[in-house]
Amino acid sequence: MTTGSTGLLRLLVLGVAGLLVVGSAWAVRAADRPVEEPRRTTLDAGWRARAGGPQVLGGELRPGVPGVQRLEHDGAEFTVSVGPQQPGRNVVRVDVAGPHHGARAPRVRVGTDEEHLVVARPVPGVDGLWAEVDLPAGEGTVLVTHGPAHRIPFPVVTGTARSASDAWEGPDAPECLAAAVGRRLGGSVATAAACPADTLTEAHADALRATVGTIADRGATQLAVGSDGSARSRGARDVVRAMAAERGLEVVDPRERPAPRGALLELSGWRHAARDLAAVSRRPLREQPIRSHGTWLAPWLLSPGVVDSTSGAVLPLDFDVRGTAPLQYAGLLGRFLPQQAPTASGYRAWLEETGAAPDELRLYAASRTAYMPATAGHTSHETRVPWFPGGTITPVGLPIS
Amino acid sequence: MHKLMTAALTTALSAAVLLPAQGTAAADEPDDRADSGPVRTAPGVTSLLQDLTGSDIVTSRTTAEGSDGKTYWATNHLRPALLPADVRKKLAGLPGLDLTKLKSTGLLGRDSGGKAADDGVRRKYLVVWAGDNNVLDKSGAELTELPKSVGTDLVGTKDLIGPDFFAVVDATKGSPTYGEVVNTTTVGPLVENEPHHMQYVWHKGQNIFAGGLFTDVTYVLDTSKLPALSLKAVNLPTDTLCGSVPDAYWVTEDGGAYGTYMGGPDLPGPCRYTDGSVRLGNGFGGSPGELVRLDEKGRTVSEAPATPEKAETEQRCDNIPLLQAPTCANPHGVQAREDLDTLVTSDYNEPRNIILNPVQAPSSYLRRPTVRTWDISNRDRPKLKAVSFLPDGPRKGQVPHHEEPRAAMETTVTNQPGNKGAFASTMQGGAIYYAPDVTAKQPEWREVFDLTAANKQVDPGSNYYGGGSNGGWLQTSFDDRYLYHAVAGRGAKGDDKGTKPYILVLDIEKLLASGGDPDCRIDDLDEVTGGGAESDCPAIVDTLDAPGGPHWGALDNLELGDDGLYRETETAKRLAYANYFVARTGLNGDHRLCIAEQDAEGKLSLDEEFRDERTGEACLDFDRESWPHGPWGPAKPHSMLFVTADDDIR
């Protein structure tokens, strides 16, 4: 790709040439263009991306279907996922691999043109770098920059329909995208519809009832419940409160002082759960609350960024990460999207495409099992463990119901 | 050149045509295919690969039902061409063996071919518990092209997760197949076990007890038909509710075993042990750990709490999350003196090491400074007898967990009837401790050696500071003359050039001869760097350079008698060691298995004849493309045992 002023000149020349070549095609598409005319820089970038041929998951971009693309630039590979890829607010995930990533790498910025770039940042509860962009109807470009002289354009085809789910515009957007990518890997070409956080499924409600029952059976008297404003979380809180009342468990806010026999059950989405759990973990050890009956997570919280925010948690899951299907899913990601750790939501979406049924509901412990101090000279991990980097998800109970 | 071309062809073919197992059944049901992982090799391709490599593989499978009602299996992948004729004949009796295939190899008759001479010499083997090093161990930098077509048929176009396995290696010095892998026994359906320890020494008639850290599973294997292994039982997480993360085993004369479960109860909160007592724990991988008594079939006989009911506060014991009663009980090393009805365990670390967690505030006080002694007069009801906090030494640690008592990974007992002592070593503390009488109500532990002295001898120009030297395997010789210690070394960082890896041999005869009141005690800095001043202190006999980072080892307790049968010996003349710890901790190793020989003066030398069959270099390298069970790539060898078939030992 281009660098410096020479590179910019080349970009301009290529852009003009590209306009000549694709001019007629552009005219044909004009009827579908958004009301807002794209800027010249965006046009150039879009043409270059199409001409250069970014890899596209599934071979082609489809309007309204979240997409994943990859382009090599200056020795680094940029993998960009965009969802819902519909007009309006979209979430963009950027993964960079190669010599220019890491702590000293220039910041990655994301936008639709040079004038509207924002820094892509980590988000609690999930890996990758994240940004939001507003996309026009029809088609456009997501422009990714990597330092002052590097521009990597990715075309997007948004169609005209707007997203049916508000979750794409909120803290649960990364989970929406993970599920969408899971569906896409499974072969789905459906437009992005509901997000996992839009509703509490009956399976998840059952899992939460069973979890509260187990906590009560183990002698806890108090249950601190963490939740947020999503429909799923609100629904989960109602289910948990009802079950807790039935079992004689006092439900309290997590900020309250724990009772001698207390547990925490986290029902928020990835972002809020990771933020709240990490806030406790970061406190000096002896200032952290003692919860004798432990920390328990809702089943959708199996995301490395969430389970690594606390020390040892229990989740109800209807799959074993060592089962055939979860390993296949982890293997798919490991091969094609190795920087995206598998998550429960992504796996569930993929599994639905395969038509396979979930397993029995069991309790699993999510725990680091890397019991070696970060000794000098041994700090470089060669590993990237799926589901829980540096740890394990192990079945610790018989089926529950 | 031919070998290289064959290897390249093998790799190319295997990468191209590995097939996925269909549906979830493959994970739940045993099958007879060559590899036990969730992704299998097409049978036709297996044959082709075997033709190319010129070595047929014969498989046999044994199964065991877990307490969850599911079937677990171990599959042998034997290389008949590497076995003597009389061993090959015995293969015919293996359960599940494809006899037709064995016959088709043309290797059943005497002098019918193969590489192994019909020399009449009985074979001894090293059984190595190794983990598959798979795509999930790799960095995310290796990107492949995004697929242009998506759907369920994407699955399995490339091998991904391989089975963990026991490598059976010919350890018969002088054998034409010395150092060659004659069998790999894969386990399934569980993958990603993170294979860890077995028992310390194998004795005739014993089953092998082998643990998986991540799966919280203990495998029990029958060795009587070596080089084939048979699965007898699996002990699952739900069979040991009060403990997790099994570490090591000690097998008793009755065939049962004690297992140290370093991590806390499966679920956070209260757990009721077999004796009816209850402890509060902070969950899987946390604290307190426990001691589990297993019968010879791997069933849980009893779970015993490793922590007393009152808080352990003599030195700081952190737990994350906090426990109402702090405890250092995370038992790792375990050895017993059945004649003294005493068992010793050493506490290493709360397994959920938060040092590596970017979120959690670090704590050096997760490294444990404690050793526990147990009354095992009732073998099935072990009872905690004493908790001993190892005393601090004179060396100032650069960080608190480099203080001498921290991270008491291993313990080893003396063996001779007149001795009642035991040793303990600290992985980060870099010290060796001794208690002259572990039957005492409260054994008295003292520091008797600081690894600073050994580091200095190995490389006087280095920063020989002993803290963080990463000592692992600790073992007395059976005649109580020597103490062996595998030291992986401290990596370089900044101005610290670190320390080298080596196998240390100490002379402990005088120390043991001093009986119940030894003089030796490391209590000043001169003794830290120069060894103990008292005449009965351990003396360095040798340090064997061991590049690659040795963590674990085993003494060869089997010698060939005049009658052609093996027998146990108290004067082991060699040992094996492996360079691997736990990759996902950042302390890995170069994945080689080596043998060192010991001369009459106690000096060690690398056995140059124990060579990798592919490279010709000394030591067996587990980073290889292909195994008898398939082209699964590099593997991680953690622990090993010298073993023979039942018919070959007196």
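Modeller: Two strands pair if DSSP finds at least two bridges between them. Strands (E, at least two residues) and helices (H or I, at least four) are DSSP runs, numbered from the N terminus. The model is predicted, so local features need pLDDT of at least 70 and side-chain atom pairs count only at pLDDT 80 or more, while totals for chains, interfaces and linings use all residues. Residues are numbered from 1 along each chain as its sequence is written, with chains lettered from A and ligands numbered from 1 in the order in which they are written.

The part I take is strand β4 of chain A, residues 88-97. Seven of the ten residues of β4(A) are buried, and the strand is mostly covered. A residue is buried if 20 or more other C-beta atoms lie within 10 Å of its own, exposed if 12 or fewer, and partly exposed in between, with C-beta atoms placed from the backbone.

One partner of β4(A) is strand β3 (residues 76-83), which runs antiparallel to it and is joined to it by seven bridges. In this pairing Thr79(A) is opposite Asp95(A) of β4(A). β3(A) and β4(A) form a hairpin with four residues between the strands, and there Gln85(A) has a positive phi near 55°.

Strand β8 (residues 126-135) of chain A also pairs with β4(A), antiparallel and through seven bridges. Here Val94(A) has Leu129(A) in β8(A) as its bridge partner. Asp95(A), then, faces Thr79(A), and Val94(A) bridges to Leu129(A). In a regular strand the side chains alternate between the two faces of the sheet.

For context, chain A holds 17 strands and nine helices. Of its 401 residues, 56% count as buried. Among contacts in chain A with a separation of 6 or more, 72% are between residues 24 or more positions apart; a contact requires C-beta atoms, placed from the backbone, to lie within 7 Å.

Strand β19 (residues 370-375) of chain B has five of its six residues buried, so the rest of the structure largely encloses it. β19(B) pairs antiparallel with strand β18 (residues 342-347) over five bridges, where Thr345(B) is opposite Arg372(B). Six bridges join β19(B) to strand β20 (residues 383-389), again antiparallel, and Thr373(B) has Ala386(B) as its bridge partner.

Terms used: Two residues are in contact if their C-beta atoms, placed from the backbone, lie within 7 Å.
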